Amino acid sequence: MSAARRFAVISSSESPKDQKALFRRAVVVGGSVAGLMAARVLSDHAEDVVVIERDDLTALGAGVRPGVPQGNQVHALLPSGQRQLERWFPGFVEEALAEGAVTPPRGTNRFYLDGQLRQDPPSGPAAAQGIVSSRPFLEALIRRRVLAIPNVRPVAGRAEGLLMDGDTVTGVRYVAEGDNTVTGQKADFVVDATGRSSRLGDWLDAYDFPKPPMRRMAIKLNYATALYRRPADPDVWTCISIANPGPGRTARIGGFTPIEGGRWTLLVSGYDADRPGRDADEFRERCVRDFPPEFGEVATKAALEGEVHTYHQADSRRRDFHRLRRFPARLVAAGDAVASFNPVYGQGMTSAMLHASCLSEYLRGDPDLSRPARAYFADVKVVVDAAWQVSTMADLALPHVDGPYPAGYRAIRWASGLIFKASMRDQAVNHRLGQVTTMLAHPSALTSPRFLVRALSIGARA
């Protein structure tokens with residue numbers, strides 16, 4: 001099956017069917033979005049699902065979770081992620097809106113490219129509407145839904161390694177909160193969802209299994225986020241600005257979106273030596289100087305709430321578990337423990353939700369649990385490839401990024417440029433490109449001969 005078709009299966013909105021009880025107990029290590037989504041899937045296949053997380057999940061509200069230092073930064077839920085939330089938690093969107101999530105009115109979103117306001121094709125459909133909120137708000141809703149499932153229970157503790165019997169994982173070693181004793185938690189299946197700093201490679205090495213090969217792209221991203229009080233009925237609710245590197249231009253991405261509580265969350269970013277700081281005056285100056293006027297309007301006229309928060313991400317990275325010839329049975333990884341991308345493209349949470357659907361496909365596919373979960377990692381590769389291709393192709397244009405370059409990079413970049421130009425003039429091209437960038441379709445959907453002929457011919461005339 002082609003990557004595009006497999007991606008369509010994984011990203012389906014249909015309710016899963018034919019779930020079978022496979023385990024007495026499953027353990028998820030990590031209680032962030034990826035771990036919570038994995039726990040939801042496992043609740044259909046295990047009598048008991050244990051989520052081991054350093055933060056006490058039962059005591060958390062909707063504030064920034066200590067284990068997510070970037071939680072107070074802007075986060076995006078792509079349409080594909082919203083589809084998956086509704087798939088696994090029916091009524092989620094309605095509940096989110098009732099709790100305070102925002103759906104910006106049509107016609108109030110603006111998108112700037114290299115300083116120019118981009119207009120959708122005149123005959124094109126209105127931009128897809130989705131729920132917008134802060135990361136802590138969304139994660140709290142997911143956590144509440146997951147912990148309400150009778151056979152899911154959280155354990156406050158820090159995972160320290162795996163329990164093994166030959167080539168099969170049989171549980172997890174962890175230290176409970178407030179205790180220095182290492183405890184063994186038996187399990188019939190384990191999911192590592194501990195994020196980009198995952199130590200799964202070291203845990204595997206301790207049992208003489210190879211570590212997954214890791215690919216990195218040094219992006220040297222720096223960004224800062226601030227919250228502002230939003231008026232009741234602004235003319236512009238959402239604004240995104242992308243400045244590509246070029247003559248007289250410095251690469252920068254910024255955006256502001258409405259979130260719960262009558263607020264805006266506003267982000268400005270820079271790369272390499274271009275570092276937004278925590279000083280409120282400097283943040284305001286950047287908004288006025290480096291971004292379209294809508295940014296300055298918010299930063300100078302709206303009331304700042306709280307402090308400016310900064311974050312730095314040195315690289316995008318992926319661990320290629322699918323390349324391993326030896327891997328334990330009854331063990332998988334999900335979310336940033338597999339791959340994390342340049343966060344300005346908003347792919348992280350959506351990818352984690354799609355990994356959960358990969359896990360469902362695997363567990364509903366009559367798996368041989370005595371062998372490594374290769375079918376799962378093959379599906380995860382399809383998802384990771386989709387996000388990786390979109391984000392890294394854009395990042396490779398940055399002057400300080402020096403690879404790794406994919407085969408045929410120059411031709412791909414040339415064609416991508418023409419496709420993007422065509423999307424500004426043609427409804428069909430714009431729709432297909434939008435599906436790819438919002439992870440509703442695999443990037444290979446842009447390579448069909450009929451589409452390429454249409455897009456390249458239109459783009460060449462633009």
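**Reading strands, backbone and burial**

Guide: Let's begin with a pair you can find above: M214 stands opposite R319 in strand 13. This is a predicted model, in which local features need pLDDT of at least 70 and side-chain atom pairs count only at pLDDT 80 or more, while totals for chains, interfaces and linings use all residues. Residues are numbered from 1 along each chain as its sequence is written, and side-chain values use heavy atoms, with hydrogens and water left out.

Visitor: How should I read strand pairing, and in which sense do strand 9 and strand 13 pair?

Guide: Strands (E, at least two residues) and helices (H or I, at least four residues) are DSSP runs numbered from the N terminus. Two strands pair if DSSP finds at least two bridges between them. In a regular strand the side chains alternate between the two faces of the sheet. Here, strand 9 (residues 214–229) pairs with strand 13 (residues 304–319) in the antiparallel sense, over 12 bridges.

Visitor: How many bridges join strand 9 to strand 12?

Guide: There are 9 bridges between strand 9 and strand 12 (residues 263–271), and these two strands also run antiparallel. For an example, look at T225, whose bridge partner in strand 12 is L267.

Visitor: What should I look for in the backbone angles?

Guide: Most residues other than glycine have a negative phi, and most peptide bonds are trans. D208 is not a glycine, yet its phi is positive, about 65 degrees. D208 is found in the loop between helix 6 (200–205) and strand 9. D272 also has a positive phi, near 60 degrees, and is found in the loop between strand 12 and helix 7 (280–290).

Visitor: Which residues does the cis peptide bond join?

Guide: The cis bond joins G403 and P404, with omega about 5 degrees. P404 is found in the loop between helix 10 (374–395) and helix 11 (409–423).

Visitor: Why does D208 count as exposed?

Guide: Buried means under 20% relative accessible area, exposed over 50%, and partly exposed in between (1.4 Å probe, protein chains only). D208 counts as exposed because its relative accessibility is 65%. D272, at 35%, counts as partly exposed.

Visitor: Why is helix 2 described as largely enclosed?

Guide: An α-helix has 3.6 residues a turn, so residues three or four places apart point the same way. In helix 2 (residues 33–42), 10 of the 10 residues are buried, so this helix is largely enclosed by the rest of the structure. The buried residues of helix 2 include L36, R40 and L42.

Visitor: With which residues is R145 in contact, leaving aside its neighbours within four places in sequence?

Guide: Contact means heavy atoms within 4.5 Å. With those neighbours left aside, R145 is in contact with F89, P90, G91, F92 and E95. R145 is found in helix 5 (residues 135–147) and is partly exposed, with a relative accessible area of 22%.

Visitor: Let's step back to the whole chain. How many helices and strands does the chain have?

Guide: The secondary structure comes to 13 helices and 15 strands. The radius of gyration, taken over C-alpha atoms, is 22 Å, close to the 23 Å that the globule rule (2.2 Å times the number of residues to the power 0.38) gives for 462 residues, so the chain is as compact as a globular protein of that length. Along its principal axes, the C-alpha trace spans about 60 × 50 × 40 Å. Buried residues make up 53% of the 462 residues.
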